[in-house]
Each structure stands twice: as C-alpha cells, then as structure tokens.
Amino acid sequence: MKKLRMRVATCVAVPLLVTACGSGGQSGPASTAPAVAAQSSAGATPEPAASSTGMSMGPGHTMAPGQTMAPGQTMAPAQKVAGGPPDEVAMVCGPEIQQAIKKILRLSATPRSSSTWKDDLLRCTYPLEAGRLVLLVKKSADRPAAVAYFNSRRATAGNISRLTGLSSLGLPAYQTTGGIASFVKDDMTLEVDATALASTVGPEETTRSEFASTIASNVLACWTEH
C-alpha cells in the first residue's frame, strides 16, 4: 500500500502536497519540487465544534434527522452516523482533507464543511475565502455501475484532458481546465469541483485545476491506505 501511495505522490506533477491519512494531524511544509511531496502526519485532530446545547461533533459531520447526543458526548471524525454515507465516502468531509486544504492554501484555521447525502451521492462543500470547493462522491452498486456513472459525468464535463498521475495507476480519470478532477476507484466515483474558486489560489498562486487534481490525489491516497 505504501508503495502505491508513493506513486500517487510522485506522478502528479504539481507543486503541492499529498498529506498522510489516518491521524488528521499536521504535516511538514509543502514541497517546492515539481512533483507532489508525500508527507507524514503527526499531532492532534482538530477540536470538535461545540453546539449551543453542549453537544459537539467532529469537523464536517452533521446529525441525522431526529438523532440526539448526550451532553458532552463527541462524535469521532470518521464515525458513521445512522443513515449516513460509508466511512470511506464521508472522509472527504473529514480531518484528512481539511488538513490538506489548510496546508495547501496555508490557512490560519482549519476549513469547515457542510454535506448532504442523498441517492448514494455525498456532496461536501467547503466555503473558502477563494470561493466554494465541492467534493462529490457517488457510491455505486458495483465497479461497472461506477464506471458508467463516471463516463456519464465525463461526457458533460466540457474541455477535458487525462489526469495523468491517476490514469497511470489504471484508474479512469480526467481533469478540466476549468477546475474539475475526477476518478473512479472500485465502486466509488470522486469529483473535485473547484470551478467556483478564483483562477489561482494560495500563496503559490496555484491554478484551480492543479488544486483540484491535488485534492483528488489526497483522497486517493486515503482510499488506498484504508
């Protein structure tokens, strides 16, 4: 698994970073080399936000309708709520991707997100200062259904090109100049939509297309590791 993850880190040719998964902690500074640098994680998971009732939840999580929690109870960042998406889908709204966005854009605070889960489609929205970032994950019945869904999305994506790093791993993948990056792994289709962001983001003035492909690489690294 680690060998595959390193291939992800080295074959996407953008000057950003792929963070390690599993801890949701801090990693070292972004590499300035032409390839993405794989970093190790250490440190604590961001503190959960407390509600007005004294209950708290992990970043990116929402309560299912009618669900309650005892005062002072917390929800682990990767915990699946009743009726919610599988853990590997929900992680795009969790600490690993939050930390990746924070590190890439060099934000002072961990970005928050909101999500919806309907018809086996998770929509995770990050309202960033540079604009809105949306991660979509479709959970299909099986691999062929996932590829069919991916192909239907690609057919309407507009000006597309191969997402070279991910395609080289045998994954159907593409990106657009407007800021979309997408791939299929097993029965899951990821689409990173950065089209609402500014044309360049972060102190390195990274194009939104490069930013989208790097976030996609971070998700793949986590899915591969798990």
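A: Let's start with the side chains of strand β12: Ile180, Ser182 and Val184 point one way, Ala181, Phe183 and Lys185 point the other way, and all of them are buried. "Buried" here is under 20% relative accessible area, "exposed" is over 50% and "partly exposed" is in between, with a 1.4 Å probe and protein chains only. Helices (H or I, at least four residues) and strands (E, at least two) are DSSP runs, numbered from the N terminus. With six of its six residues buried, β12 is largely enclosed by the rest of the structure.

A word on what you're looking at: this is a predicted model, where local features need pLDDT of at least 70 and side-chain atom pairs count only at pLDDT 80 or more, while totals for chains, interfaces and linings use all residues. Residues are numbered from 1 along each chain as its sequence is written, and side-chain values use heavy atoms, leaving out hydrogens and water.

Now for the neighbors of β12. On one side, strand β11 (residues 173-176) runs antiparallel to β12 and is joined to it by three bridges. Two strands pair if DSSP finds at least two bridges between them. Tyr174, for instance, has Ser182 of β12 as its bridge partner. β11 and β12 make a hairpin with three residues between them, and Gly179 in that turn has a positive phi of about 120°.

β12 also pairs with β13, again in the antiparallel sense, this time over six bridges. Here Phe183 stands opposite Leu190 of β13. These strands form a hairpin too, with two residues between them.

Asp186 sits in the loop between β12 (180-185) and β13, and its phi is near 55°, a positive value in a residue other than glycine. Most residues other than glycine have a negative phi. Asp186 is partly exposed, at 43% relative accessible area, and it forms a salt bridge with Lys185, the closest N and O atoms being 3.1 Å apart. A salt bridge, by the way, is a side-chain nitrogen of Lys or Arg within 4 Å of a carboxyl oxygen of Asp or Glu. Lys185 counts as buried, at 18% relative accessibility. Elsewhere, salt bridges that share partners join Glu88, Lys139 and Asp187 into one network.

Leaving aside residues up to four places away in sequence, Thr189 touches Leu136, Val137, Lys138, Ala146, Tyr149, Phe150, Ser182, Phe183 and Val184; touching means a contact, with heavy atoms within 4.5 Å. A polar atom of the Thr189 side chain also lies 3.4 Å from the backbone oxygen of Ala146.

β13 has another link, this time to helix α4. Glu191 forms a salt bridge with Arg153, with the closest N and O atoms 2.9 Å apart. Arg153 lies in α4 (residues 143-155) and Glu191 in β13 (residues 188-193), so the pair ties together parts that are 38 residues apart in sequence. What about their surroundings? Glu191 is buried, with a relative accessible area of 7%, whereas Arg153 is partly exposed at 31%.

As for α4 itself, this helix has 13 residues and reaches 18 Å from its first C-alpha to its last, close to the 18 Å expected, the expected span being 1.5 Å times one less than the number of residues. At the start of α4, a side-chain oxygen of Asp142 comes within 2.9 Å of the backbone nitrogen of Ala145.

Finally, step back to the whole protein. It has six helices and 15 strands, and 49% of its 226 residues count as buried. The structure holds five salt bridges. One of them joins Arg106 and Glu204, with the closest N and O atoms 2.8 Å apart. That pair links distant parts of the chain, 98 residues apart: Arg106 is in the loop between α3 (95-105) and β7 (114-118), and Glu204 is in the loop between β14 (200-201) and β15 (206-207).

Note on methods
Polar contact = N/O pair within 3.5 Å; in protein donor to acceptor, adjacent residues only side chain to side chain.
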